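Visitor: I have a model open and would like to learn how to read its features. Could you walk me through a few of them?

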Amino acid sequence: MRLLLVEDDVMIGETVLDLLRADHFAVDWVKDGRMADTALRSQRYDLVLLDLGLPQRDGLDVLKDLRGRKDLTPVLVLTARDAVGDRIAGLDAGADDYLLKPYDLDELVARIRALIRRSTGRADSVLEIQGLRLNPITREVTRRVEGALESESISLSAREWAVLEVLMARPGVVFSRAQIEEKLYSWKDEVSSNAVEVYIHGLRKKLGNAVIQTVRGLGYVMPRN
Ligand code: CA
């Protein structure tokens with residue numbers, strides 16, 4: 001999952017960035033409102049973390065423009081403005097949720113997950129398909145084994161995990177290599193040209209060949225059942 005962090009306070013930004021990266025989110029960080037505009041026009045994100053008091057352009061204007069373009073990317077506003085009027089203005093401008101600074105970091109991650117889940121139309125954070133279960137909170141992947149009482153736990157690398165999460169979140173939807181890369185890497189990461197193929201290969205070795213299908217010329221898909 002790829003997030004945009006819009007925050008001009010370097011201390012807060014670095015803390016949030018470390019936390020989210022440790023949780024395997026790909027994160028791009030911009031420090032003013034104009035850069036936020038540019039990022040949002042050039043890249044699709046799974047969620048935006050938006051501070052309101054920003055240099056160059058106010059966060060509220062960034063948000064209004066985003067919604068004005070009919071862009072429904074989930075937006076979680078993070079701000080020190082605790083006046084009720086500011087909160088109402090943020091929600092009216094199209095924010096999906098609000099957290100007041102200083103916020104609890106665990107709560108921040110929980111709200112991010114809830115918003116992403118809601119935006120993909122799911123009620124439960126655990127993804128389950130083809131007897132595979134992926135739990136984003138415990139970061140466990142398990143597989144039901146025919147005839148066995150207990151599920152088998154599968155150990156994946158962080159990137160394999162991220163690819164599987166992308167595909168499992170939208171079963172039946174074909175993702176191109178570029179679309180998967182986009183969700184896996186932030187601007188700062190170096191991407192080798194066949195990285196996604198390598199992760200898919202690793203996943204098939206661990207999960208079986210049928211779990212992820214290749215659609216020739218288009219990409220990869222996790223069949224619905
Ligand atoms: Ca600020």
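Visitor: Let's begin with helix 8: which of its residues are buried?

Guide: Here is the general idea: an α-helix has 3.6 residues a turn, so residues three or four places apart point the same way. In this predicted model, the buried residues of helix 8 are Ala195, Val196, Tyr199, Ile200, Gly202, Leu203, Arg204 and Leu207.

Visitor: How many residues does helix 8 have, and what span does it reach?

Guide: Helix 8 covers residues 195–207, 13 residues in total, and its first and last C-alpha are 18 Å apart, close to the 18 Å expected at 1.5 Å a residue.

Visitor: Now the cores. Which residues touch the most other members of the largest nonpolar core?

Guide: The background first: in soluble globular proteins, nonpolar side chains tend to be buried together. Here the largest nonpolar core has 49 residues, and Leu20, Leu49, Leu108, Ile112, Leu164, Leu167 and Met222 touch the most other members. Helix 6 gives the most to this core, with 8 residues. To explore one of these residues, take Leu20: beyond its neighbours within four places in sequence, Leu20 is in contact with Leu3, Phe25, Val27, Leu49, Val109 and Ile112. Another core, of 20 residues, lies apart from the largest one, and its members include Tyr45, Val48, Leu66 and Ala95.

Visitor: What is the strand order in the open sheet of 4 strands?

Guide: The order is 6-7-8-9, and the pairing is antiparallel. Strand 6 (127–129) and strand 9 (152–154) are the edge strands, each pairing on one side only. On average, neighbouring strands of this sheet are turned by 20 degrees against each other, direction ignored. Strand 8 (residues 140–143) is joined to strand 9 by 3 bridges, and Thr142 stands opposite Ser153 in strand 9.

Visitor: Which helix packs on the sheet?

Guide: That is helix 6 (residues 158–169), which touches strand 6, strand 7 (132–135) and strand 8. The direction of helix 6 makes about 110 degrees with that of strand 7.

Visitor: Last, the metal: what are the protein donors of the calcium ion?

Guide: They are Asp8 (OD), Asp51 (OD) and Gly53 (O), at 2.2 to 2.3 Å from the ion. Along the chain, the donors follow the spacing D-x42-D-x1-G. Asp8 sits in the loop between strand 1 (2–6) and helix 1 (10–22), and Asp51, 43 residues apart from it, in the loop between strand 3 (47–50) and helix 3 (59–68).

Visitor: Is Asp51 buried or exposed?

Guide: Asp51 is buried, because its relative accessible area is 5%, under the 20% cut-off. Asp8, at 30%, is partly exposed.

How values were computed. Residues numbered from 1 in each chain as written. Predicted model: local features only at pLDDT ≥ 70, side-chain atom pairs only at ≥ 80, totals over all residues. Heavy atoms only, no water. Pairing = 2+ DSSP bridges. Helix = DSSP H or I, 4+ residues; strand = E, 2+ residues; numbered from the N terminus. Axes fitted to C-alpha atoms, helices over the stretch in contact; angles between N-to-C directions. Contact = heavy atoms within 4.5 Å. Expected span 1.5 Å × (residues − 1). Buried < 20%, exposed > 50% of the residue type's maximum accessible area, 1.4 Å probe, protein only. Donors = N, O, S within 2.8 Å, 3.2 Å for Na, K, Ca; no water. Core = buried A, V, L, I, M, F, W, Y, C linked by side-chain atoms within 4.5 Å.
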